[in-house]
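Me: Could you go through this model with me? I'd like to ask things as they come up.

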Amino acid sequence: MKFTFLGTGTSQGVPIIGCDCAVCTSGNKKDNRLRTSLLIESDTTTVVIDTGPDFRQQMLREKVQQLDAVVFTHSHKDHLAGMDDIRAFNYLQQKPMDIYATAFTWEVIKSEFPYVFAANKYPGVPSVNEFVISEKEAFTIGDITLQPILVWHYKMPVLGFRINDFVYITDANKIEELEMNKARGAKHFVLNALRHEKHISHFTLEEAIEQANIIQADNTYFTHISHLLGKHEEVSKGLPSTISLAYDGLKIEI
């Protein structure tokens, strides 16, 4: 199974419009971060977690020709805004796209994309199959099984996922012990690390390292990174040997 980081940036991406800081003007490609998203590929199934504003660009970059389903972590715009571009896969595959989200997230999807669910649809709008998930039950797409992990994004519930020995959590600043237990024993642990300064709804770098030390995975990767964290190479030098910053296009095979 292969995991590809389609994007590793925060809600504004990196570089940020109008910013001339050292990170936003860096010549290192690892400092260019599209909005956070993940591609999962098995022998028979391809799944994307979150379709942010850069979804189209990410699909083109990775030359994705088949997509079986989209899974949403939550309903914030930087994780949802690109859903309209699943139209291309509707056309390629001649069928609706399977979409997996919580009931709360589905309410937002339907309010953000009302034309998808209209009684009289305009020709060419996205076509979807609705699947409602919760943090309590694992679900399977093709040959990929996802175990939801409930985390907190300030007061907003967000789903992370465990897929075999790979755990993916983004947009969190609190993980309760019972949910954290679902991540124990994983070999690969992905977690958000926004910046150094305290934030109301995201782990800081220091807080993310603390969470990684609890899980003790063989490899930990930080994602959902702001330009305020610093340059990729400079931050990487100060990290423990088992922890690294993810970057757009990074691929992990298990």
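Me: Before we start, what should I keep in mind about the model and the numbering?

Reply: This is a predicted model, in which local features need pLDDT of at least 70, side-chain atom pairs count only at pLDDT 80 or more, and totals for chains, interfaces and linings use all residues. Residues are numbered from 1 along each chain as its sequence is written, and side-chain values use heavy atoms, with hydrogens and water left out.

Me: ok, which residues of helix 1 are buried?

Reply: In helix 1, residues 55–62, the buried ones are Phe 55, Gln 58, Met 59 and Glu 62. Buried here means under 20% relative accessible area, exposed over 50%, and partly exposed in between, with a 1.4 Å probe and protein chains only; helices are DSSP runs of H or I with at least four residues, strands are E runs of at least two, and both are numbered from the N terminus.

Me: What covers the buried residues of helix 1?

Reply: Their cover includes strand 1 (2–7), strand 2 (37–41), strand 3 (46–49), helix 3 (87–93) and strand 14 (251–253), where contact means heavy atoms within 4.5 Å. Just after helix 1, Lys 63 takes a positive phi of about 55°.

Me: Switching to the largest pocket: what is its volume, and what lines it?

Reply: The volume is about 230 Å³, and the lining includes Arg 56, Met 59, Leu 60 and Lys 63. Helix 3 gives the largest share of the lining, four residues, and by class there are six nonpolar, one polar and four charged residues.

Me: How is a pocket defined there?

Reply: On a 1 Å grid over the protein atoms alone, a pocket is an open set of points with protein on both sides within 12 Å along at least five of seven lines, and lining residues have an atom within 4 Å of a point. Grid points are joined across faces, edges and corners, and the volume is the space filled by probe spheres set on the points. For the classes, Ala, Val, Leu, Ile, Met, Phe, Trp, Tyr, Cys and Pro are nonpolar, Asp, Glu, Lys and Arg are charged, and the others, Gly among them, are polar.

Me: Now His 224, where is it found?

Reply: His 224 is found in the loop between strand 12 and helix 7, and it is buried, with a relative accessible area of 1%. Its phi is positive, about 55°, although it is not a glycine.

Me: Which side chain does it make a polar contact with?

Reply: The side chain of His 224 makes a polar contact with that of Asp 171, at 3.0 Å; such a contact is a pair of N or O atoms within 3.5 Å, and within protein one must be able to donate a hydrogen and the other to accept it, while residues adjacent in sequence count only if both atoms are side-chain atoms. Asp 171 is also buried, with a relative accessible area of 1%, and its phi is near 55°.

Key: 1 Å grid on protein atoms, 1.4 Å probe; cavity = no way out; pocket = protein on both sides within 12 Å on 5 of 7 lines; lining within 4 Å.
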